[in-house]
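Thanks for coming. I will walk through one structure today, so please have the sequence and the 3D view open.

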Amino acid sequence: MPQSFSAVYIHLVFSTKERRPFFRDQNLRSELHNQLGSISKRLGCAPIITGGVEDHVHQLVRFGRTITQAEWVKELKRVSNLWLKREHLIRDFEWQGGYADFSVSQSNLEQVKKYIATQEQHHRKISLQDELRALLSKHHVDWDERYVWD
């Protein structure tokens with residue numbers, strides 16, 4: 001085949017170190033979501049929606065063909081960490097070391113977009129820990145509680 005085609009959608013979730021609520025301010029949160037979308041776009045991963053609450057982020061992207069998932073997340077965290085420290089003077093900011101990402105089928109994109117868009121309402125009822133446990137279970141990912149939370 002002379003050309004390469006790809007339609008891989010990824011739902012990414014990652015949190016602040018120790019789930020500290022750095023993003024209580026709606027303006028900062030909105031700017032961060034825009035920044036994360038811009039970073040993903042520069043990395044060749046077309047952002048569809050970015051959302052989250054004060055201590056974690058969700059992003060849905062059409063994944064690029066020339067980057068690994070680990071490289072994408074590492075660069076998202078690195079660049080956004082520098083941006084938060086430089087532009088918003090949050091000197092003690094850190095992202096958690098790990099992340100979770102899940103494949104999303106074309107037929108499920110609208111449902112995941114709605115899920116990310118309604119994170120604030122969602123987290124009035126469920127914690128990040130319970131949310132992540134549910135996502136891991138839904139996607140049949142084995143995990144050990146001792147190594148999930150930092």
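This is a predicted model: local features need pLDDT of at least 70, side-chain atom pairs count only at pLDDT 80 or more; totals for chains, interfaces and linings use all residues.

Tyr-115 sits in helix α3. What does Tyr-115 touch, leaving aside its neighbours within four places in sequence? The contacts are His-11, His-58, His-122, Glu-131 and Leu-135. For a sense of distance, Phe-22 is 93 residues away from Tyr-115 in sequence, and their C-alpha atoms are 22 Å apart in space.

Now the rest of α3. Leu-109, Val-112 and Ile-116 are buried in this helix. Why do these residues end up on the same side of α3? They cover an arc of only 70° around the axis, so they share that side. The general rule is that an α-helix has 3.6 residues a turn, so residues three or four places apart point the same way. On the other side of α3, the exposed residues are Glu-110, Gln-111, Lys-114 and Ala-117. The cover over the buried residues of α3 includes β1, β2 (46-53), β3, β4 and α4.

Next is helix α5, residues 128-138, where Leu-128, Glu-131, Leu-132, Leu-135 and Leu-136 are buried. Their arc around the axis is only 130°, which means that they lie on the same side of α5. Among the elements covering these buried residues are β1, β3, β4 (100-104), α3 (109-117) and α4 (119-122). After α5 comes His-140, with a positive phi near 55°.

In soluble globular proteins, nonpolar side chains tend to be buried together. Here the largest nonpolar core has 24 residues, and those with the most contacts inside it are Phe-23, Leu-32, Trp-72, Leu-84 and Trp-95. At least two residues of this core come from each of β1 (9-15), α1 (26-42), β3 (56-62) and α2 (69-87). The element that gives the most is α2, with six residues. Take Leu-32 as an example: apart from neighbours within four places in sequence, Leu-32 is in contact with Phe-23, Val-57, Ser-80, Trp-83, Leu-84 and Trp-95. There is also a second, separate core of seven residues, including Val-13, Phe-102, Leu-132 and Leu-136.

Last, some backbone angles. Most residues other than glycine have a negative phi. Glu-18, in the loop between β1 and α1, has a positive phi near 60°. Leu-89 is not a glycine either, and its phi is positive, about 55°. Where is Leu-89? Leu-89 is in the loop between α2 and β4. Is Leu-89 buried or exposed? With a relative accessible area of 56%, Leu-89 is exposed, because the cut-off for exposed is over 50%.

Note on methods. Residues are numbered from 1 along each chain as its sequence is written. Side-chain values use heavy atoms; hydrogens and water are left out. A nonpolar core is a set of buried Ala, Val, Leu, Ile, Met, Phe, Trp, Tyr and Cys residues joined through side-chain atoms within 4.5 Å. Buried means under 20% relative accessible area, exposed over 50%, partly exposed in between (1.4 Å probe, protein chains only). Helices (H or I, at least four residues) and strands (E, at least two) are DSSP runs, numbered from the N terminus. Contact means heavy atoms within 4.5 Å. The arc is that of the directions from the helix axis to the C-beta atoms.
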